[in-house]
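My entries are below the model.

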Amino acid sequence: MVKHFMKLIAFLCVVAFLLFSCMEVDDKPPEYEGTQQKNLMIRLDTTSLGKFFNGQSAVLPGIPVVLTNQDYEGFVRTGYTDDSGWVCFDSLLNGYYIASVGVDYPFDNALDTSRVTGQQEFYVHDEVPVTDTLTVRVSGNPGLKINEIYYMGPPNKIFYFFDQFIELYNASSETIYLDGMIVCRMGSCTIGADNVTYIFQFPGEPVTGREYPVEPGEFVVLAQDAMNHVIVQRNDTLVNSIDLSDADWEFVNSQDYADTDNPDVPNLDNIEEGHRRDFMIALGNDVVLIADGRDINYADGIDMETIIDVVEYSSSSTNVKDITEELDAGWAGVGAIKYSGQSIERIEPGFDTDNSTIDFIILDTPTPGYHHE
Amino acid sequence: MNRFIRQLMFLLLIALSTGYGYTNSIGISVPESWNTLWDFDRHPLHFKTYNHSEGMNTVIYTGYKSQNIQRSFDPEAVFSYGAMFETYRKLNEKTALYAAIDFGNVWHKQQFRSIEKNYYATYIGFTDTTSGDFRYNGPLIDFFFSRDFGKRVTWGLGINYGVERGIKDVFTRAESRELNSDVTNSLRIRPISSLSVDGWFRRYHGRTALEAVKEYQDAQVQTWFGYLAYRMENPGSSVEMEHNKDGYELGTGLLLEKQDSPFSAYLGFSVGTEENDARKGKKSVASERGYWQRNTSEGQIWLNYKQAKASWSIFGTVINIEDWGKTGIYEALFFETDESRYLGGIGLEFSGIKNTRLDIMARAGKRSWDYRNYLKAQNLTREENEWRVSFDFDIHPFPVVSYTGGISAEKVPLHFTWDIPSLTCYFVQAGFEYQWGFNRICPTLVWGVENADGLDDKNTIWQIRLSVKR
């Protein structure tokens, strides 16, 4: 009897062992979070500044470098470059990071104290190199910039988004004239800017006109409808909207007889034949382009030489890009929420690396005509 | 016959008791779990209402708990109601079965942001930006089957299956859908008449689908890793998430029970593993957010001494739980938790007074957590003593009427996610049983209160049950 019993026990043990051994359970990983390292060399791009540095590379000691983890909220670290221009971060989490520099640096040459900016995106984990280079530049690329786009609409339940605006900024040291310039909403482009959805134009003669100046450091607000949107409804659903009655310009489609027109604000008019909508841009993803107006034949797209600035935005980072990296290497507004009152604005006035992922941040409230703190 | 039924029930209970602490069989005044209608770990309702004799039992119940002492993502109050029907039948001398269906409703009032039913039960949880009432409802089915093969072998099968749907009352209605199944196979072998050897294997699986939807603006979901770190998910008019759970447990036990001897003893041991993963997105394009694993081991011992008018029980249990988790993309360890629980106690069932039965139980122990979050480089440790005393009575002054009641006091150590170390809980239960024809009608009322040192707020608990046994 005992013999049979022992056999049965042995059999059950074998069955139990087989049952457990056939279960595939993940093993505990050997790597811990928070143990990664990243060393960044901060290099000043002196390509166009050779005369100031006698053709030598420039080292920038003691400047702050801000490292922001894009996977988790609130993981921001600041390090300072050493005498060799290196900054080292340790105890980092795995993930996707943006390192940024924005500092007024006191050069010991004719540049005096100038703004130095730059950003670099990279991953941190075991399979990427520990060292990397962050190239910074003295000031951003100059010129007229799309500085802010407010497209999300205010918090409301009636799908109101007619308080959209685009803010331009003169980031150059010279006066720029808006005469004849065009503002376009773009569709999905194959080559360059070959798919124009809307095209509105400033009055005046392109390039040579001198009627509508923008001084250096000046903001220009282009409103979809230049009115006070806070009181546009009888109920209180738009209390978080904005007052655009003092906008600098207003998009008006003269082919749309229902489009509101503030007589106190000059207009950009639609020049697309048969188009009967106001300049409305999407709340999820879209492309806004400004060009000098030499090419207004929208049927074959806008000539690349005439393009001044382009910004693509998208709420989702997994969206397919509508324009090539030549025009904008990234997206602004990833994570922005529809009908939230949020806006996207450059991190600094006119800051432009042609990568909107880096250049723009999301603001909780729009700032028409001025820059966020 | 009574012995057979007792053994059978014991087997079924062992098949159910899967390593999550001793469940007092001497008579608990109040249920241990209130927030959930059902979960994997245990089913106190069914433990309590298990009928040791053949028959049917129909129960309607309602309960309310105000959670003035709460964590951030806990509801402010929980209201529940439901109905249960259960039956226990002995089909022949070798075969018995138990079946129950329980349809419950749980209403989480003002649940702040969490779209999880119990945010703190998982190391990877999802929240959105809405606060509102979540209403859950769904059926739970229990089925147990037992069959003797000869005099020395008994086979038991337990199946638990549940579906539940939860809807948040905030426009346009976030939703959770949960489906769980749990199967336990057990075998008892008696090599000699006074010794039984138990073995059981449990396999369970669960899937929870969550959907956050646009309310005032796009749904903004946050994925929390180990309670301390989070990432913002891409907003959308609807955001879908998913949890999957797989668990295995293996246990064995020895029961020593000599015929005509008042002494019996049980020694049991079990180990288990549970895998959990969390994903964001639709099934076809879901992206992994993380994985965590739980490994448990438990040992327990019971010693019973049963006489005509008094029965003694002494028990002890040791539980160790190790949890760890890794992130979804980089598969690096982001937390580790070591949890242990040591518990011992004594119980007395006394029926020396005419028409009266008394149950007294006391237990004490220690519980500890050591939690390390590597994303935030934080360490949370907690070590607290726990105890519980209870007194229950059952008086039969007349043939058709009996009165039941009980009181208990308990110190409950709180999970490391609480700001406070423990709660002190007091419960009172009262009811009676009336024989009406072939039926016995049993209304029961439970009232309780939970206090915390240094806090003015307290939680209050009500439960009303009406059961009809036949």
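The entries take the interface, then the nonpolar cores.

I note that this is a predicted model, in which local features need pLDDT of at least 70, side-chain atom pairs count only at pLDDT 80 or more, and totals for chains, interfaces and linings use all residues. Residues are numbered from 1 along each chain as its sequence is written, chains are lettered from A in the order in which they are written, and side-chain values use heavy atoms, without hydrogens and water.

Interface. I looked up the contact (heavy atoms within 4.5 Å) and found 45 residues from chain A and 38 residues from chain B in it. Between them the chains bury about 3,700 Å², 67% of it on carbon and sulfur atoms; buried area here is the accessible area (1.4 Å probe) lost on putting two parts together, summed over both.

I then checked salt bridges (a side-chain nitrogen of Lys or Arg within 4 Å of a carboxyl oxygen of Asp or Glu), and the count between chain A and chain B is two. A:Lys28 and B:Glu336 form a salt bridge through their side chains, at 2.5 Å from N to O.

Cores. I looked up nonpolar cores, meaning sets of buried Ala, Val, Leu, Ile, Met, Phe, Trp, Tyr and Cys residues joined through side-chain atoms within 4.5 Å, where buried is under 20% relative accessible area (1.4 Å probe, protein chains only). The largest has 58 residues, and A:Leu44 is among those with the most contacts inside it. Beyond its neighbours within four places in sequence, A:Leu44 touches residues including A:Phe53, A:Phe107 and A:Val138. Another core, of 30 residues, lies apart and includes A:Val183 and A:Ile344.

Key. Buried < 20%, exposed > 50% of the residue type's maximum accessible area, 1.4 Å probe, protein only.
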